[in-house]
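The following exercises concern the predicted model shown below. Each task is followed by a solution in steps.

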Amino acid sequence: MNTAIRVLIAKPGLDGHDRGAKVIARALRDAGMEVIYTGLRQTPEMIAEAALQEDVSIVGLSILSGAHMALVPRIRQVMDENNLNDVPLLIGGIIPDEDIPALKEMGVAAVFGPGTSTEEIVSSIHGLLATQE
Amino acid sequence: MLDQVHLLLDGDRRALARLLTAVENEREGVETTLAALYPHTGRAWVIGITGAPGTGKSSLVTALAKAYRTRGESVGILAVDPTSPFTGGAILGDRIRMRDLAGDKNIFIRSMATRGSLGGLSRATRDAIRVLDAAGFQRILVETVGAGQSEIDIVRAAHTTLVIEAPGLGDDVQAIKAGILEIADVLVINKADRPGVEHTARALKSMLELGHPASRVQSVNHHGQMIPTATPAINKIPDFWLPPIIRTVAIENQGVDEVVNAIETHRTHLSQAGKIEELEDQHIQIELVERLREHLLRDFFHDLPPETFAQAVAQIRARTKAPQTAVQELLALRGVNVAK
């Protein structure tokens with residue numbers, strides 16, 4: 001066996017700042033993961049398609065636009081329609097605390113706001129995948 | 001695993017994605033699945049695309065995929081990027097430039113990291129190509145950074161190899177050094193709207209003349225001027241393939257049809273009189289040697305106590321034993337007698 005954790009990092013919606021996403025991508029790479037980075041302005045369909053083709057274990061979304069309450073349920077829905085129910089969603093970006101319970105309700109496994117250390121994200125991914133097995 | 005074979009042949013995309021992961025992970029049982037798939041392979045035309053970073057490989061792959069789709073062919077894409085030797089991780093970013101291909105069920109894009117396992121990348125790539133082939137994709141584009149031997153090995157699994165250059169990325173000596181010109185069936189100068197394209201074209205042309213003596217008759221370099229001579233119809237000799245040099249601006253779709261035409265012409269060329277069989281025999285020979293080497297090595301290490309190996313390392317470092325002697329002794333442990 002010669003395995004590696006594969007993660008999709010995607011930026012849905014219209015905000016054009018992907019510095020955060022790139023920092024996360026690098027941190028995950030440095031933690032030995034294979035990170036598929038899709039670039040800006042991805043539609044929910046594009047994200048689900050990439051997650052399916054790349055057979056990733058985790059999808060991480062970076063959302064800074066404030067549109068998370070509209071984007072996340074749609075992405076989860078399209079992923080589920082593509083039989084990706086078992087692939088957890090993580091969110092990072094500018095997410096108000098009061099939205100977090102609702103996002104978790106929608107099936108988001110974890111939410112990371114500003115100031116989260118990259119170690120925290122890495123260990124959260126390891127934890128999520130461990131519980132899945 | 002045999003269910004997976006049926007799902008894959010029925011066009012199940014998740015089964016396809018998972019089988020590609022199994023191939024990459026060298027998951028147990030994957031060899032049986034691949035063996036079951038083998039009778040369903042051999043229909044796709046495999047196109048290797050290589051070139052230095054920044055020449056626009058991903059953009060060209062995207063443009064080629066679109067061109068093939070308008071011609072009604074389905075397209076599988078393998079985009080290979082290097083694994084970090086320090087962390088084992090990788091950032092696979094080729095999809096960024098392939099966003100225009102989203103939403104088409106007749107295109108399947110997969111990013112692969114080089115990983116660097118015992119058997120090497122060429123095995124994983126070759127197997128991944130077969131999986132896409134069995135899934136029914138008619139054209140398979142394999143994109144890789146042309147930076148070393150392993151990348152050259154990858155393109156060796158292709159039927160047609162494209163080498164991508166761009167103006168201003170280094171002089172003609174770079175082109176010789178990389179040694180990848182020799183493997184080109186089609187040479188593409190991408191970003192041909194940039195300054196210096198004439199210089200690049202001239203450099204490539206003269207390199208080709210060095211590499212392919214027969215092409216010399218096509219033109220004579222006289223004080224820097226290419227003077228066409230009476231061509232004794234070199235391209236009409238049936239088994240001589242002169243790599244065409246094609247200028248493209250991939251992001252604006254310029255010259256892409258010419259590249260597709262060149263690939264298809266090369267395909268026709270190979271299909272003539274036993275050429276394709278010859279190429280496939282070469283591919284299979286390389287593959288069998290690699291697979292045997294991988295299995296024999298794995299087998300060897302499987303039964304070898306790690307201490308014995310460590311001991312040999314220590315003795316060689318201390319200069320109490322020569323590496324040659326150590327190898328003979330290690331092999332003798334396994335009952336292999338090496339002629340002294």
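**Exercise 1.** Determine whether F309(B) counts as buried, partly exposed or exposed, and state where F309(B) is placed.

*Solution.* 
1. The residue F309(B) belongs to helix α11 of chain B.
2. The relative accessibility of F309(B) is 35%.
3. Buried requires under 20% and exposed over 50%, with partly exposed in between; F309(B) therefore counts as partly exposed.
4. On the surface, F309(B) forms a nonpolar patch with L297(B), F301(B) and V313(B), and together they have about 320 Å² of accessible area.
5. Two elements of chain B, α10 (275-302) and α11 (306-317), each give two or more residues to this nonpolar patch.

**Exercise 2.** Is S74(B) buried or exposed, and which residues does S74(B) touch?

*Solution.* 
1. In chain B, the loop between α4 (57-70) and β2 (75-81) holds S74(B).
2. Because its relative accessibility is 8%, S74(B) counts as buried.
3. Leaving aside residues up to four places away in sequence, S74(B) touches R69(B), N106(B), G136(B), F137(B), Q138(B) and R139(B).
4. With G136(B), the side chain of S74(B) reaches the backbone oxygen at 3.4 Å.

**Exercise 3.** Identify which element of chain B has the lowest mean pLDDT and which the highest.

*Solution.* 
1. Chain B has a mean pLDDT of 83, with 82% of its residues at 70 or more.
2. Where pLDDT is low, predicted coordinates should not be read in detail.

Methods: Residues numbered from 1 in each chain as written. Chains lettered and ligands numbered in written order. Predicted model: local features only at pLDDT ≥ 70, side-chain atom pairs only at ≥ 80, totals over all residues. Heavy atoms only, no water. Patch = residues over 30% accessible without salt bridge, like charges linked within 9 Å, V, L, I, M, F, W, Y side chains within 5 Å. Areas by Shrake-Rupley, 256 points an atom, 1.4 Å probe, with all protein chains shown as cover. Salt bridge = Lys/Arg side-chain N within 4 Å of Asp/Glu carboxyl O. Helix = DSSP H or I, 4+ residues; strand = E, 2+ residues; numbered from the N terminus. Buried < 20%, exposed > 50% of the residue type's maximum accessible area, 1.4 Å probe, protein only. Polar contact = N/O pair within 3.5 Å; in protein donor to acceptor, adjacent residues only side chain to side chain. Contact = heavy atoms within 4.5 Å. pLDDT = per-residue confidence, 0-100.
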